[in-house]
Amino acid sequence: MPLLNTPKRRSGRGICQSPILLSGIFIVTLAVVLLVLSQTYLSPSRLSRLKAKLHIMDFNGIRKLGPQKQHVRSERFATLFHLELAERFNMTQGHANARLDELVATLLSMESVGITTVVFSSPWEFIQPTDGPINFNYLDLLVSSACQNTRLKVAFIFDLVRAPQWVFARWPVAKAADSHNRQYNLLSWFHPEANQLALEVLKSVVTHLTASNTGCVTSVQPAFNNEYEAKYTQEHDCFQDYSVPALTAYRQWLQVRLPQLVDLNERWGTNVQYWDDVAPPVLEAGSVMGPDLKTRYWDFLKFRELKGAEVLSRACSVVQSAGVQCFHHVPELFTVLVAVYGITMFKHIASDPHTDYIVLDASFSTPYGSPVHPAKLRLSVAAAVGYGKPVHLGAAVQHSIEYDLLSSAFRTALLTNAAGVGITNWLPYIPMNASLKETLHPSLTLGGQEDGGGSTAACSQGGVSVRVGLFIHFESCAAWHGLQWSSYSKDPVHDLIEAVAQKLTFECAPRVSVFLEFDRLMNALPSLDRVMFVEPLVVWAGKEFKSYTEVKAAIEKMPHEVLLFPGVEGTAAAEVKVLPYL
Ligand SMILES: *[C@@H]1O[C@H](CO)[C@@H](O)[C@H](O)[C@H]1NC(C)=O
Ligand SMILES: *[C@@H]1O[C@H](CO)[C@@H](O)[C@H](O)[C@H]1NC(C)=O
């Protein structure tokens with residue numbers, strides 16, 4: 001789900017599909033349906049019903065469980081992205097033309113509603129338009145607007161995927177390309193020299209920011225995706241990238257594991273003659289219905305996962321060694337877009353010592369327009385929190401959004417031990433006024449008036465203060481090639497997890513931990529009373545399969561429930577596919 005995209009990019013959003021006439025008609029129809037759906041969703045009666053639902057899930061009995069490890073829950077952030085800085089404040093037109101007083105006034109208004117951190121962004125192409133010096137004057141002007149006039153801290157997103165043209169002139173193949181070989185003005189992180197250069201520029205920028213604004217610039221995010229999220233290079237929901245350096249890296253990666261081409265052919269059921277002809281499947285969002293269990297598909301996903309995590313880790317190590325914290329934005333975890341965006345790399349990013357904190361982006365609707373309830377966001381936050389890093393929930397408020405819903409989401413996140421919450425894409429939709437201040441600082445006391453209601457009262461009597469562990473094999477969420485347009489359930493992953501969220505809500509489970517990997521669940525079993533286990537679709541032979549069987553045996557001995565991902569069309573249940581070790 002694209003969350004941080006600027007309005008411009010939002011309008012260019014599309015679906016990666018073959019250019020068939022039908023899809024155009026389909027999209028128009030869809031737009032109308034979405035409009036109707038969103039109207040319905042935001043109608044007062046729908047909202048009050050949603051609120052009624054939310055009350056049921058208000059973390060009843062959490063206090064009975066004794067102290068939990070909690071991060072300070074006082075961080076509040078708001079973004080001012082490059083496009084906003086350029087368009088609203090003329091910041092890109094030089095010091096004399098920049099509307100600095102307006103920027104400072106905006107920053108002061110942010111401070112007045114309790115925002116503690118402003119998140120700025122700049123693309124590489126803007127601060128180094130020619131193969132020459134970096135425009136540190138601009139960065140200083142930007143950062144000092146906050147650091148010298150307010151007590152706001154600055155978190156800075158360095159948008160490296162937007163590399164300058166001179167980089168592409170030097171290395172034409174450094175552009176990301178999609179499966180139809182269309183190139184984009186986006187840096188392919190597989191190009192070794194271009195990536196190395198990006199890291200050097202990153203180092204200079206972070207070193208400069210830290211030196212000239214000691215203590216005020218707290219953290220930097222190296223961004224390799226056009227939505228500032230830690231995921232695969234992306235344009236129009238396409239599986240990317242298929243550029244020459246990406247394909248070369250893939251072949252090398254395979255060759256290290258299977259030096260004999262004949263073994264690869266046997267593994268994939270192919271008959272390729274030369275290594276140069278070895279290629280990943282041509283993947284397009286929505287082109288395959290149902291889970292894809294082919295080894296050739298999973299090998300490519302694994303490569304993307306490991307390489308992506310490696311690039312992001314290396315970039316964060318550069319940030320850290322230049323003296324500040326490194327953070328990543330991550331998209332919503334449980335959607336059918338996991339494979340398209342390679343979000344399974346989240347497991348590595350979240351546990352990487354080079355990641356200091358995580359911002360989990362949340363929107364309030366699925367890519368096809370149905371609402372996402374805070375109850376589901378709770379599970380995403382819980383999954384991220386499980387890795388032990390501070391997690392912030394960032395709400396994209398591009399369109400007018402109900403304050404009640406926003407407040408519910410923030411409260412849910414904070415009660416699930418998020419370290420902070422914030423808003424993105426808020427300008428010009430949300431004024432910095434008392435209502436927003438209240439929304440950003442929801443009451444966290446439990447059992448108050450707003451937690452009232454029959455089932456809530458019953459829950460808080462105790463007896464239900466069980467600790468539930470929910471297991472969702474994250475890699476299996478990548479079994480779908482994007483939205484299932486022709487199915488009743490457009491996003492089976494979302495629908496399953498949302499149903500689980502509602503179920504946990506209904507049973508007023510006070511404390512839910514979410515696990516994405518077998519060994520993490522295994523380690524936590526002694527601290528759990530009950531397990532909800534979503535049976536995986538695929539498991540890698542070897543170490544992972546061993547963990548899987550151990551976990552299965554262990555949960556047999558305790559209260560547990562097994563749930564199934566929606567299976568292959570026509571079969572009631574999906575069988576676990578064991579992928580041969582690579
Ligand atoms: C922005 O800067 C340009 C100069 O590049 C100037 O002509 C224009 O008036 C400025 N716009 C505003 C709204 O200040
Ligand atoms: C804050 O702004 C919103 C949106 O314009 C408005 O609905 C709300 O009444 C305002 N709150 C206050 C306290 O002025």
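**Entry 1**

I started at Asn90, which lies in the loop between helix 4 and helix 5. Helices (H or I, at least four residues) and strands (E, at least two) are DSSP runs, numbered from the N terminus. I noted that this is a predicted model, in which local features need pLDDT of at least 70, side-chain atom pairs count only at pLDDT 80 or more, and totals for chains, interfaces and linings use all residues. Residues are numbered from 1 along each chain as its sequence is written, while chains are lettered from A and ligands numbered from 1 in the order in which they are written.

I looked up the backbone of Asn90 next. Its phi is near 55°, a positive value in a residue other than glycine. Asn90 is partly exposed, because 16 other C-beta atoms lie within 10 Å. A residue is buried with 20 or more other C-beta atoms within 10 Å of its own, exposed with 12 or fewer, and partly exposed in between; C-beta atoms are placed from the backbone.

Which residues surround ligand 1? I found Asn90, Gln93, Asn97 and Arg99. To be listed, a residue needs its C-beta atom, placed from the backbone, within 6 Å of the molecule. This shell has no nonpolar, three polar and one charged residue. Here Ala, Val, Leu, Ile, Met, Phe, Trp, Tyr, Cys and Pro count as nonpolar, Asp, Glu, Lys and Arg as charged, and the others, Gly among them, as polar.

**Entry 1: helix 4**

I stepped back to helix 4 (residues 82-89), where His82, Glu84, Leu85 and Phe89 are buried. I checked what these buried residues pack against. The partners are strand 1 (75-80), helix 5 (100-112), strand 2 (117-123), helix 6 (124-127) and helix 7 (136-147). Contact means C-beta atoms, placed from the backbone, within 7 Å.

I moved to ligand 2. Pro431, Asn433, Ala434 and Ser435 surround it. Its shell divides into two nonpolar, two polar and no charged residues. I also looked at Pro428, in the loop between strand 10 (420-424) and helix 17 (434-440). A cis peptide bond joins Leu427 and Pro428, with omega about 5°.

**Entry 2: another loop**

I then read the loop between strand 6 (217-223) and helix 10 (244-257), which holds Asp241. Gln240 and Asp241 are joined by a cis peptide bond, with omega about 0°. Tyr228 is found in the loop between strand 6 and helix 10 too. Tyr228 is not a glycine, yet its phi is positive, about 65°. Is Tyr228 buried or exposed? It counts as buried, because it has 26 C-beta neighbours inside 10 Å.

**Entry 3: the core**

I looked up the whole protein. It has 21 helices and 16 strands. Buried residues make up 48% of its 582 residues. The largest nonpolar core has 162 residues, and Val118, Val154, Leu160, Leu187, Val381, Leu393 and Ile472 have the most contacts inside it. Helix 12 (residues 295-321) gives the most to this core, with 11 residues. Such a core is a set of buried Ala, Val, Leu, Ile, Met, Phe, Trp, Tyr and Cys residues joined through C-beta atoms within 7 Å. In soluble globular proteins, nonpolar side chains tend to be buried together.

I followed Val381. Setting aside residues up to four places away in sequence, it touches Leu360, Val391, Leu393, Ala413, Thr416 and Ala418.

**Entry 4: helix 16**

I went on to helix 16, where Ala413 is among the buried residues. In this helix, 10 of 13 residues are buried. Its end C-alpha atoms are 18 Å apart, which agrees with the 18 Å that the 13 residues (403-415) should span at 1.5 Å a residue. The expected span is 1.5 Å times one less than the number of residues. Just after helix 16, Asn417 has a positive phi of about 75°.

**Entry 5: strands 11 and 12**

I checked strand 12 (residues 511-515), where five of five residues are buried. Arg511, Ser513 and Phe515 lie on one side, Val512 and Val514 on the other. Strand 11 (residues 467-472) pairs with strand 12 in the parallel sense over five bridges. Pairing requires at least two DSSP bridges. Phe471 stands opposite Phe515.

**Entry 6: Pro580**

I ended at Pro580, in the segment after strand 16 (577-579). Pro580 is exposed, because 12 other C-beta atoms lie within 10 Å. Not counting residues up to four places away in sequence, Pro580 touches Arg267, Thr295 and Ala541.

Terms used. Contact = placed C-beta atoms within 7 Å.
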